[in-house]
Amino acid sequence: MKPILGNIWKWVTACASLSSIIGLLIVFLSDGKAVTVALISFCLVLLTILAGVCITLSKLIKQNYPEPYQRISSFYEFRSDDGQKSVFEMYRLIQSKRVLLTHIDYKFKWSGSKAPKLSSNSQILGNISNSNDPDSWDTCKIQFKTPLTYNESTVLHIRTDNDDYDGKAEPYISTRLDTPIKIMQYKVLLSYKPNGYKEKAIFERKQISSEVDSNWTYIDSVPFESDYKQYQYVIVDPEPGFIYRIRWTK
């Protein structure tokens, strides 16, 4: 609390010094002009103190929360009816950790040859950049229709429509987790699989810093739900610092 009051007091002191100078100038003005200058000065002082409070709180929040938002939960769904065209959707509950959060940067990567089509039913997407480098992220800017204030929550939504026309896309969903999250849920719907299909999927992880794609650690096997032709997996309080993925056979 003392650092906050100390920083705010610096702004108050600066305003007091400025007010003293303005007060001295007012002595030499006529009554009408003096009143006008005094009112303008009073408004400027209030705005300056308010700006100082906002800047101080913003610096303090960034020290405690380097990331602009906190992840609460994420839901990932991949579905394909023919094994070629597919839809991926991500819903993520987040909580703002900024005085005012207007947008966030979203990173993604589709392993297929053709760039996916992005859309959202909740936010505005812009500045979409697709990299031809398989080791570089594609990015887009998620703009909130209404800015979030500190500790305000919302649900992010991203949809990608994919076309694996040449069969080069890899059959997995991966998540790069660099900050804590309460829960992650994965759902993979493959309606084109034949009746009686039972091959299990693999849930695994590797360290974010690992550059070798083979350094995956097995976590669990995921049974195929034949009645619904889907895989479903939930992980609670996953450890950050890893890339998690569910991998299946095309």
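These questions and answers concern salt bridges in a predicted model.

In this predicted model, local features need pLDDT of at least 70 and side-chain atom pairs count only at pLDDT 80 or more, while totals for chains, interfaces and linings use all residues. Residues are numbered from 1 along each chain as its sequence is written, and side-chain values use heavy atoms, with hydrogens and water left out.

Me: What makes the contact of Lys 109 and Asp 138 a salt bridge?
Reply: A salt bridge is a side-chain nitrogen of Lys or Arg within 4 Å of a carboxyl oxygen of Asp or Glu, and because the N to O distance of Lys 109 and Asp 138 is 3.3 Å, the pair counts as one.

Me: Why is this pair said to tie together parts of the chain?
Reply: Lys 109 lies in the loop between strand 3 (100–108) and strand 4 (117–119), whereas Asp 138 lies in strand 6 (residues 138–149), so the parts that the pair ties together are 29 residues apart in sequence; strands (E, at least two residues) are DSSP runs, numbered from the N terminus.

Me: Why is Asp 138 called buried?
Reply: Buried means under 20% relative accessible area, exposed over 50%, and partly exposed in between (1.4 Å probe, protein chains only), so Asp 138, with 5%, is buried, whereas Lys 109, at 31%, counts as partly exposed.

Me: How do you know that Arg 205 and Glu 239 form a salt bridge?
Reply: The N to O distance between their side chains is 3.4 Å, and Arg 205 lies in strand 10 (residues 201–207).

Notes. Helices (H or I, at least four residues) and strands (E, at least two) are DSSP runs, numbered from the N terminus.
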